[in-house]
Amino acid sequence: MVAYALISLTVVRMLPVALALIGTGLRPASLAYMGWFGPRGLASLVFGLLALEEGMPESTLLSGVIAVTVGLSVCLHGASAPFLGNRYGDWFARRLRTDPAGLRENPLADTRHSAPPQTGDT
């Protein structure tokens with residue numbers, strides 16, 4: 001259960017976030033940060049409760065896996081938040097000083113110059 005929970009909190013969660021954000025122009029540091037701290041847990045609990053109510057086979061095992069995953073998520077994300085939040089903030093500040101207009105993560109940047117060209121309508 002613990003091994004699956006760790007895989008779920010890393011590869012199973014972070015890879016789809018990165019794939020979903022391909023083409024956004026976000027830097028790898030931002031993708032990793034969002035993949036690690038992005039929302040999770042509530043959907044697992046809801047789907048687990050649905051499986052339990054339906055009498056799905058192995059729902060006891062599923063409930064255990066969900067509980068361990070959510071518990072580890074709370075512990076690991078809570079423990080890593082100060083360190084990783086500070087590191088990401090430092091990275092963002094450095095990038096903002098060196099290339100504020102080219103930093104897609106900067107909400108104040110003029111993104112008209114970095115947006116992909118539109119085709120069709122003129």
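From the N terminus on, the elements of the protein chain run α-α-α-α-α. That makes five helices and zero strands. The model is predicted. Buried residues make up 21% of the 122 residues in the chain. The chain exposes about 8,500 Å², and carbon and sulfur atoms supply 68% of that area.

### Helix α5 and its partners

Start with helix α5, which covers residues 59–98. Where does α5 bend? The bend is at Ala 81, by about 50°. A proline, Pro 82, follows within four residues.

Which residues of α5 are buried? They are Ser 59, Gly 64, Val 65, Ile 66, Thr 69, Ser 73, His 77, Ser 80, Tyr 88 and Trp 91. Look at how some of these numbers are spaced, for example Ile 66, Thr 69, Ser 73, His 77 and Ser 80. An α-helix has 3.6 residues a turn, so residues three or four places apart point the same way.

What do the buried residues of α5 pack against? Their partners are α1 (2–9), α3 and α4 (42–53).

Val 2 sits in helix α1. Leaving aside neighbours within four places in sequence, Val 2 is in contact with Val 68 and Leu 72.

Leu 72 belongs to helix α5. Which residues does Leu 72 touch, not counting those up to four places away in sequence? They are Val 2, Ala 5, Leu 6, Leu 9 and His 77.

Ser 8 is another residue of helix α1. Ser 8 is buried, because its relative accessible area is 15%, under the 20% cut-off. Beyond its neighbours within four places in sequence, Ser 8 is in contact with Arg 13 and Thr 69. Thr 69 is itself one of the buried residues of α5.

### Far in sequence, and the distance in space

Distances run from C-alpha to C-alpha.

| Pair | Apart in sequence | Apart in space |
|---|---|---|
| Val 2 and Val 65 | 63 residues | 7.7 Å |
| Ala 32 and Met 14 | 18 residues | 7.0 Å |

Helix α3 spans residues 28–37. Its buried residues are Ser 30, Leu 31, Gly 35 and Trp 36. They pack against α1, α2 and α5.

Now turn to the aromatic rings. How many aromatic pairs are there? The count comes to four, with ring centres within 6.5 Å as the cut-off. One of them joins Tyr 33 and Tyr 88. Their centres are 4.5 Å apart and the angle between the planes is 15°. This pair is stacked because planes under 30 degrees apart count as stacked.

Which parts of the chain does the pair link? Tyr 33 is in α3 and Tyr 88 is in α5, 55 residues apart. Tyr 33 has 29% relative accessibility, so it counts as partly exposed. Tyr 88 has a relative accessible area of 18%, so it is buried.

The pair is part of a wider group. Ring pairs link Tyr 33, Trp 36, Phe 37, Tyr 88 and Trp 91 into a cluster. Among its members, Trp 36 is a buried residue of α3, and Trp 91 is a buried residue of α5.

### A nonpolar patch on the surface

Finally, look at the outside. Which residues form the nonpolar patch on the surface? They are Tyr 4, Ile 7, Val 11, Val 12, Leu 15, Leu 19 and Ile 22. Together they have about 680 Å² of accessible area.

Helices α1 and α2 (11–20) each supply at least two residues of the patch. The largest share, four residues, comes from α2. Ile 22 has its place in the loop between α2 and α3. Ile 22 is exposed, because its relative accessible area of 62% is over the 50% cut-off.

Conventions: Residues are numbered from 1 along each chain as its sequence is written. This is a predicted model: local features need pLDDT of at least 70, side-chain atom pairs count only at pLDDT 80 or more; totals for chains, interfaces and linings use all residues. Side-chain values use heavy atoms; hydrogens and water are left out. Rings of Phe, Tyr and Trp (its six-membered ring) pair if their centres lie within 6.5 Å; planes under 30 degrees apart count as stacked, over 60 as edge-to-face and the rest as tilted. Buried means under 20% relative accessible area, exposed over 50%, partly exposed in between (1.4 Å probe, protein chains only). The bend at a residue is the angle between axes fitted to the seven residues ending there and the seven starting there. Contact means heavy atoms within 4.5 Å. Accessible areas come from the Shrake-Rupley method with a 1.4 Å probe; for residues, only the protein chains shown count as cover. Patches are made of residues with over 30% relative accessible area and no salt bridge: like charges are joined within 9 Å, nonpolar side chains (Val, Leu, Ile, Met, Phe, Trp, Tyr) within 5 Å. A salt bridge is a side-chain nitrogen of Lys or Arg within 4 Å of a carboxyl oxygen of Asp or Glu.
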